[in-house]
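Take a moment with the sequence and the model before reading on.

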Amino acid sequence: MSWTAAGLVVVLLLAVIVRLPWAGDLGMHAATLQRLRHDPLHPGNPLVDADTPSPYYSPWMLLLGLLARASGWSVFVVLRIAAVAGLALLVTGVWRYVRTLSAHRAAPALGLLSLLLVWGTTAYTWSGFPGLGSLALTVSYPSTFALGLAFHLWARLTTALRGAGGWGTWLGLGAVWAVVLLCHQFTGVVASIGALAALLAVRRPRSIPWPQLAAALLLGAALLAAWPYYDFFALVGAGDDLADTHRGLYRDWPVRYGLVLAGVAALAARARRDPRDPLLLFFALGLLFVAAGWLTGRHSWGRALPAALIPAQLALALEALEAGRRWLRAAWAVLLTGVLLAGAWVQSGTLGYVLPRDALPAPVEARYREPWNGYHWITPWVRYGDVVLAEKHPARRIPAYGPYTVAPGYPDVFLPDADRRTSAVERYFTPGTPAAVRRDVERTYGARWVVDAYHVLDDTGLRPVATGPDGQVLYRVPGP
């Protein structure tokens with residue numbers, strides 16, 4: 001039964017990949033592929049016409065960009081391929097890691113179901129947070145690939161610590177650790193916490209092959225330092241430019257993560273049997289890291305929350321299979337079933353990405369989150385490399401088709417004039433701004449097009465070219 005349920009959930013996610021609903025950071029990742037496909041050696045900034053590095057140029061995205069360049073496929077086709085690969089890596093990674101914790105046949109399937117469904121009482125979406133609804137919108141992101149790789153890292157590290165691995169295995173682990181960090185830095189932190197927990201769970205520290213471990217860490221650090229597309233270690237010292245966004249991770253805990261409390265209770269039960277339980281240590285380290293972020297005001301550290309959530313979710317699944325006496329296992333199984341059903345109901349809106357909206361029951365439709373509209377309607381006029389003036393939310397999607405925007409739709413620690421660009425765009429779209437000021441902004445940044453998404457422009461000097469969804473207007477900038 002558990003394998004059937006897990007299989008149905010995976011099929012649902014595969015069906016979602018066919019639709020590839022647009023929300024969140026999809027435009028950023030599509031833009032990254034556009035730049036790598038166009039020039040894999042010197043892609044420049046993915047969003048604005050500037051020669052700056054970007055942490056989005058990861059090994060995984062470089063591989064996908066080369067695939068797009070060699071095949072001629074659109075970036076959205078390649079993103080679907082990335083989604084299938086990421087999902088396969090995640091599912092197999094969970095299977096392998098859970099197998100190191102339990103030999104029970106149903107453990108991997110129940111572990112996967114818990115990972116996808118045991119979250120909170122309201123749907124919550126964030127890259128690197130693998131709830132069912134969240135994964136439906138982020139499965140094509142590098143964070144999914146990185147998390148799947150992290151599960152494989154934990155699984156292989158656990159077996160290596162048990163004596164199954166030589167120098168090649170340890171050097172491979174160091175390389176994988178570096179790739180996870182380069183592909184998605186926040187998931188890399190989660191991967192590092194899980195790896196540290198595996199090391200601390202070893203009962204005889206003298207049995208750890210310390211020379212091989214040191215070599216693995218040195219190789220990983222060397223690969224991080226050698227990556228040519230951005231300075232990984234510069235990110236460590238960068239300020240928390242997403243503080244306002246990440247502050248939300250520390251709010252509304254009961255509704256976002258409330259169901260995970262059942263997993264915390266399972267961890268407490270495991271702690272009584274074994275204080276060095278690897279899931280317990282994983283949870284404790286993750287919770288300490290996230291708490292430190294809250295206490296110090298480094299709210300981006302909240303992105304490591306999966307390091308506390310994942311071990312609790314898996315512990316709940318395992319207690320239903322392996323808790324002491326038969327009646328105790330039955331009690332945990334009843335609790336797990338109830339929590340899984342509750343989680344499935346909370347995330348039932350995911351069906352809306354597969355089924356027609358009018359086919360959804362009203363309660364499920366109420367949980368459905370409408371995807372964004374794309375900007376394919378501007379492509380008959382706007383070409384690759386053209387600069388478009390657009391406000392923040394359109395600027396998160398327009399570069400996916402090849403153009404640049406004046407200001408990036410996302411914070412960029414490597415773009416020195418990001419604030420000046422953002423101020424220029426805000427000034428441009430302020431009603432009543434003199435036409436001469438707008439012409440100056442257009443000339444300064446080489447803008448050839450303007451997208452008025454919110455009907456705020458009153459500039460008779462602009463020439464309307466096309467109309468898009470919700471009455472958005474594409475204007476051609478007047479010539480010199």
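Arginine 463 sits opposite arginine 476 in β5. β4 and β5 run antiparallel and are joined by four bridges; strands count as paired if DSSP finds at least two bridges between them. Helices (H or I, at least four residues) and strands (E, at least two) are DSSP runs, numbered from the N terminus. Five residues lie between β4 and β5 in their hairpin, and aspartate 470 in the turn has a positive phi of about 60°.

This is a predicted model: local features need pLDDT of at least 70, side-chain atom pairs count only at pLDDT 80 or more, and totals for chains, interfaces and linings use all residues. Residues are numbered from 1 along each chain as its sequence is written, and side-chain values use heavy atoms, leaving out hydrogens and water.

## The rest of the sheet

β5 (residues 473–476) also pairs with β3 (residues 449–452), antiparallel and through four bridges. Here valine 450 faces tyrosine 475, and aspartate 452 stands opposite valine 473.

The open sheet has five strands in the order β2-β1-β3-β5-β4, with mixed pairing. Its edge strands, β2 (404–405) and β4 (463–467), each pair on one side only.

## Two crossing helices

The axes (lines fitted to C-alpha atoms over the stretch in contact, with angles from 0 to 180 degrees between N-to-C directions) of α2 (residues 26–38) and α4 (residues 75–101) come within 10 Å and cross at roughly 110°. The two helices are therefore roughly perpendicular, a term covering 65 to 115 degrees. Contact (heavy atoms within 4.5 Å) involves residues including Leu33 and Arg37 of α2 and Phe76 and Leu79 of α4.

Definitions and conventions: Parallel < 35°, antiparallel > 145°, perpendicular 65-115°, else oblique.
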